[in-house]
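I opened my notebook to look up a few places in one protein model. Here is what I wrote down, entry by entry.

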Amino acid sequence: MRESLRWSAYQRVLASGAAPVLRPSNAVGVGFLNTYLRSKGRSVRFRWDNAAQMISVQDEGAEILVPRPERAGLYLRGLESRLTQLLDQYLVSDLPIPSHAKIIDVGANVGEFSLAIQRKCSSAQFLLVEA
């Protein structure tokens, strides 16, 4: 019964056209979110990873594990959109990166920045450090 109440409440959110509040702390929340994204024609998908206790964001053949549900909301428009936003945010979207670049990402967190740079220059070598 409780599951059916959640589902009908979620359907009301979908019908209103509003994006759902992202609280995918389990498989049910992630399932609701994926239903919303499919209804909007988006390719990004979320999956609750029980082993890691994190949210897996999958898009365009790539996957990134996100440790906090509120950060997963950054990927609602897709992985490429988030990575482009990140490069713009750090003012490196127009920075030329030589093919032989060696990049050290200190404070890498989940590796978003390095993934964004790798999309710009696939031959670069990376060292990611997170304490």
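**Entry 1: Leu 91.** I began with Leu 91, which counts as exposed because its relative accessibility is 74% and the cut-off for exposed is over 50%. I kept in mind that this model is predicted. Next I asked where Leu 91 is found. I found Leu 91 in the loop between α4 and β4. Then I checked its backbone. Phi of Leu 91 is near 60 degrees, and I noted that this is a positive value in a residue other than glycine.

**Entry 2: Asn 109.** I looked up a second residue with a positive phi. For Asn 109, phi is near 55 degrees, and Asn 109 is not a glycine. Asn 109 lies in the loop between β4 and α5. Is Asn 109 buried, exposed or partly exposed? I read a relative accessible area of 45%, so Asn 109 is partly exposed.

**Entry 3: the strands.** I moved on to β4, residues 102–106, and β5, residues 125–129. How many bridges join strand β4 to strand β5? I counted 5 bridges, and the two strands run parallel.

**Entry 4: Arg 82.** I went to helix α4, residues 79–89, and found Arg 82 there. Is Arg 82 buried or exposed? Arg 82 has 5% relative accessibility, so it counts as buried, since the cut-off for buried is under 20%. I then listed its contacts, leaving aside neighbours within four places in sequence. Arg 82 touches Arg 71, Leu 74, Tyr 75, Gln 89 and Glu 112.

**Entry 5: the second largest pocket.** I looked up its volume, which is about 210 Å³. I found 14 residues lining the pocket. Nearest its centre lie Arg 71, Leu 86, Tyr 90, Glu 112 and Phe 113. Two of these names, Arg 71 and Glu 112, were already in my contact list for Arg 82. Which element gives the largest share of the lining? I noted α4, with 3 residues. Helices α4 and α5 each supply at least two residues of the lining. Last, I sorted the lining by type. I wrote down 6 nonpolar, 4 polar and 4 charged residues.

Key:
Residues numbered from 1 in each chain as written. Predicted model: local features only at pLDDT ≥ 70, side-chain atom pairs only at ≥ 80, totals over all residues. Heavy atoms only, no water. Helix = DSSP H or I, 4+ residues; strand = E, 2+ residues; numbered from the N terminus. Buried < 20%, exposed > 50% of the residue type's maximum accessible area, 1.4 Å probe, protein only. Contact = heavy atoms within 4.5 Å. Pairing = 2+ DSSP bridges. 1 Å grid on protein atoms, 1.4 Å probe; cavity = no way out; pocket = protein on both sides within 12 Å on 5 of 7 lines; lining within 4 Å. Points joined across faces, edges and corners; volume = space filled by probe spheres on them. Nonpolar A, V, L, I, M, F, W, Y, C, P; charged D, E, K, R; others polar.
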